[in-house]
Amino acid sequence: MDSKLSSKVAERISGSVKGFNKAKVLESYSNPYGFINLIDPYAGGVFNPSVLVLPDAVGLGWRHLLVARGPERYEVIEKEDTRWESVVGCFLLPMTRQYLNLPYLARESELETLKLPAQRKVEYMRCKEKVYDQFIGPEDPRLFFTNDGQPLLIYSQTGRSPNICRAIYIIDARMVIPGLEKALKKAGWNAPIVFTEQTDLIREDQFNIEKNWAPFLGENDELFFHVSLVPQQIYKYQEGLTLRALDPRPPSHNCLTELIGAEMNRVHFHHATPLLRVTLCKRGECTPDIHNTVLFALIHIKYHPLPYLFYERRAVTWNVTAPYDYLSVSKPLTYSGTNQADPIFTVSMSWDHPTKKHGLGLNHGFLDDVLITSFGVFDYGSAYIDVLARDVLTDHMMCDGIEGFELW
């Protein structure tokens, strides 16, 4: 062996020279190899899953609630192409593969197509690009717990007003998923049902096609929607009213563009998961307040140099009080066991054992609590990874001007 080459090999083996790795690898808390875990591996045509974990008292077979995009159905109706979208839901049961001890989530109840109807043909103009008129029905569902135990389902759906092709809708999941209301009542959670039917969320300056809004709870548990990351646009829900922006003229550049350095003509910033609340200490070691508690979520930076598609994941934190300024951005995140050649589309993030212990609600956790993050693999598979919140909140870059505030 050449002496120079031999020297380089020795340096690598000794660990004195480390490779350049721009990403942080998240490893599963329960998988003995640290890899991702599969969701219902025998279901075909189900992808982009959102998993919401219910309180322990509901019982093992009811703890994991799934919604996902379901199979698409194509028809020619009155000589017009029609593509019916669907959202499916069921309960999942944690299982372990024999001998290898690999965890996975198996279907425990029937996979139901959720009753979220949409009108196919309307008299008014709906989509600016006529090709989109053939896409009918719900897609891209996400589940989200309020602190008092309302399991909210947020999804994209065919618009039902002039000039609205696809809008964001919300409904209480208890209205469309059989057995969910009974399971929560059994566990002592019987929050009022506010959204009894499909409710379209219409905002000022509404886009013809809306996608991927991220819900979160404000400092007084009001319902907000993070609509755009760059510029940052946040809207507060008020029953029966058009949603209004907290800041009607947000700057076109912010912490994300400064820290990530993205070329805006090449990438798009997308929401991935809802925003959760976390207090930056171990459970029981501090008292949560506005100084040690943040909002956090995963986001996507979508790179699409044809024919390649790549979603880079980052964790982002925000102030827990209005105007909900950005605090930090993580290194790129990758899930151990995934093939980065496949687009990985993260959909949801949920506390593994949500509880009202310490006077907090189901949306609030601590650094030593486990998160369940679920995602789709190239529109054909579903998986999840369970990680400590601490792992998601390390290796962050702080936003400019943020002083006297430290993440774990």
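Modeller: Cys90 counts as buried, at 1% relative accessibility; buried means under 20% relative accessible area, exposed over 50% and partly exposed in between (1.4 Å probe, protein chains only). The model is predicted, so local features need pLDDT of at least 70 and side-chain atom pairs pLDDT 80 or more, while totals for chains, interfaces and linings use all residues. Residues are numbered from 1 along each chain as its sequence is written, and side-chain values use heavy atoms, without hydrogens and water.

The structure holds three disulfides, a disulfide being a pair of cysteine sulfur atoms within 2.5 Å. With the bonded cysteines numbered in sequence order, the pairing reads 1-2, 3-6, 4-5.

Let us take the pair 1-2 of that pattern. The sulfur atoms of Cys127 and Cys165 are 2.0 Å apart, and their link is right-handed, with 75° about the S-S bond. Cys127 is buried, with a relative accessible area of 2%, and Cys165 is buried with a value of 2%.

Next comes the disulfide of Cys255 and Cys399, whose sulfur atoms are 2.0 Å apart. The torsion about its S-S bond is about -85°, so this link is left-handed. Cys255 belongs to helix α3 (residues 255–260), whereas Cys399 falls in the segment after β29; the pair therefore ties together parts that are 144 residues apart in sequence. Both Cys255 and Cys399 are buried. The strand β29 itself covers residues 396–398 and includes His396, a residue that is buried with a relative accessible area of 16%.

There remains the disulfide of Cys281 and Cys286, with sulfur atoms 1.9 Å apart. The link of Cys281 and Cys286 is left-handed, with -75° about the S-S bond. In this pair, Cys281 is buried, with a relative accessible area of 9%, but Cys286 is partly exposed, with 26%.

Conventions. Helices (H or I, at least four residues) and strands (E, at least two) are DSSP runs, numbered from the N terminus.
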